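Have the sequence and the model open side by side.

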Amino acid sequence: MKNNLVENNMLKEFYIPTYIFVPESPAEKVSQIPSCPVIVFINTKSGGQLGHDLIVTYRKLLNNSQVFDLLEEAPDKVLHKLYGNMERLKRDGDTLAAEIHRRLRLIVAGGDGTAGWLLGVVSDLKLVHPPPVATVPLGTGNNLPYSFGWGKRNPGTDEKSVLSFLQSVRQAKEMKIDSWHIVMKMESPKGSTCDPIAPLDLPHSLHAFHRVPDNPQDKEYSCTFRGGFWNYFSMGMDAQVSYAFHSERKLHPEKFKNQLSNQHFQENVQALFMTLNIAHLAKVKIMKKSGKWETLEIPQSIRSIVCLNLPSFSGGLNPWGTPSERKQRKRDLVMPPLVDDGLLEIVGFKDAWHGLVLLSPKGHGTRLAQAHRVQFKFHKDTTDHAYMRLDGEPWNQPLPKDDGKVLVEISHAGQVKMLATKNCIAKGIHEALAMSTVHPESSSSSDDTDDDDDFAEERKNFGAALSFRYMDDVTKE
């Protein structure tokens, strides 16, 4: 009886009444203002049966209105409606709504792609005080949760495990991380056989749309893909292996019910794939803090290239490692890599077995550069497709031939807030300054420009949700 009382009192710290979500609901008096009000988003397809089990437990412990199944309700619609209602309540003098607005934290359970989906929606909200996000590892790689101390294995779904996780969310610290914008522009002659990839096959945080040519008589059409990421963008062999895994899992979901078997599958098929080397596939340019584009020399042996923001890849491995001071000076590197310094670490892999060196204590990939912006220009007539991956979600990107042009550019696009535990391995500028290991000029600005910028018009939002401002709904009444 005593344990139940303690548990009930603890749950009040996270509870949000229904009327905060549903405008027509009657106001509800609560005995105390929650210190850590949470909204929970769960991908019930993730983790086999675990996603479904987890949502049952959360709905048992919390108000059903604050726990959402992502297969039934998209986060952009949920948050759009929620923030619009909270603004109305605050305007009417509701102090509880004001405090929930100020203290709100989000929990997302799923793979890295699911977490990226929610982060994209929060970014597109453009809130003055965006809520920080905690991630529950329900995917295969779980690089986002692992980087911020939430682990990389499926959590327990029982009440005790969920209560423990909620306590960790309440005690977690806020931490900023860089957001990265990616734009792909494809231009092909009219009637080309290269069609845009189907929306269902794209990652959640990457959308395709057609641009209207400036000149109506122009015979060429342009298709643009726009999105964002927080952990990594990769291209080549690793993305091809991941794509094979996801395709097989769609066909035979019964074979992939736990994380260990999922990882074994990817490891076993790596040796079967051979892709073009990156230098043969595309020309790569980078922009450092100087603001000038320069060509990045890619060794002919490199068959995968990874633009990495967090210190976790392929289930918790760190392909950047720790370069010596000599190598750092020689390659103009910032030491150590930070998650909020406005720089991506660019790493290459030679073949399937090269990735195995990461398992050794000092193993790392081929360090290529650190950059504020990255651009890929694909060579003509090399191949009709390229495998790519954003934060764990792979796709097979068609490429036009003949006179077609394909450009991919990655640029800094602000920051989001994550929740981090005491076991967090990600480091920011604040921690680095405390250790006196970061250059003063490494702080970032998201509005760096270049005289020859073809992507300025496209760099508007992440495309994970339609752009909206919740205040519009308030002022229309």
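Predicted model: local features only at pLDDT ≥ 70, side-chain atom pairs only at ≥ 80, totals over all residues.

Five of its residues to look at are Val162, Leu163, Phe165, Leu166 and Val169, and they are buried in H7. They cover an arc of only 160° around the axis, which puts them on the same side of H7. Now turn to the face away from that buried side. The exposed residues Lys160 and Gln171 sit there.

Next, check the geometry of this helix. H7 covers residues 159-171, which makes 13 residues. At 1.5 Å a residue, H7 should span 18 Å. The C-alpha atoms at its ends are 19 Å apart, which agrees. Look also at the start of H7. Here a side-chain oxygen of Asp158 comes to within 3.2 Å of the backbone nitrogen of Lys160. Lys160 is also one of the exposed residues on the face turned away from the buried side.

Now for the partner, helix H2, residues 50-61. Its 12 residues should span 16 Å at 1.5 Å a residue, and the end C-alpha atoms of H2 are 17 Å apart, which agrees. Buried in H2 are Gly51, Leu54, Ile55, Thr57, Tyr58 and Leu61. Viewed down the axis of H2, these buried residues fall within an arc of 165°, so they line one face of the helix.

How do the two helices pack? Two packed helices are described by the angle between their axes and the distance between the axes. For H2 and H7, the angle is about 70° and the axes are 10 Å apart. H2 and H7 are therefore roughly perpendicular to each other. On the H2 side, the contacts involve Leu54, Thr57, Tyr58, Lys60 and Leu61. On the H7 side, they involve Glu159, Val162, Leu163, Phe165 and Leu166. Compare this with the burial lists. Leu54, Thr57, Tyr58 and Leu61 are among the buried residues of H2. Val162, Leu163, Phe165 and Leu166 are among those buried in H7.

Move on to helix H8, residues 237-251, where Gln240 is placed. Is Gln240 buried or exposed? Its relative accessibility is 11%, so Gln240 counts as buried. The C-alpha atom of Gln240 lies 8.4 Å from that of Ala386, although the two residues are 146 residues apart along the chain.

Finally, zoom out. The protein chain has 13 helices and 17 strands. Of its 477 residues, 54% are buried. Take the contacts between residues at least 6 apart in sequence: 78% of them join residues at least 24 apart.

Note on methods. Residues numbered from 1 in each chain as written. Heavy atoms only, no water. Helix = DSSP H or I, 4+ residues; strand = E, 2+ residues; numbered from the N terminus. Expected span 1.5 Å × (residues − 1). Buried < 20%, exposed > 50% of the residue type's maximum accessible area, 1.4 Å probe, protein only. Arc of directions from axis to C-beta. Polar contact = N/O pair within 3.5 Å; in protein donor to acceptor, adjacent residues only side chain to side chain. Axes fitted to C-alpha atoms, helices over the stretch in contact; angles between N-to-C directions. Parallel < 35°, antiparallel > 145°, perpendicular 65-115°, else oblique. Contact = heavy atoms within 4.5 Å.
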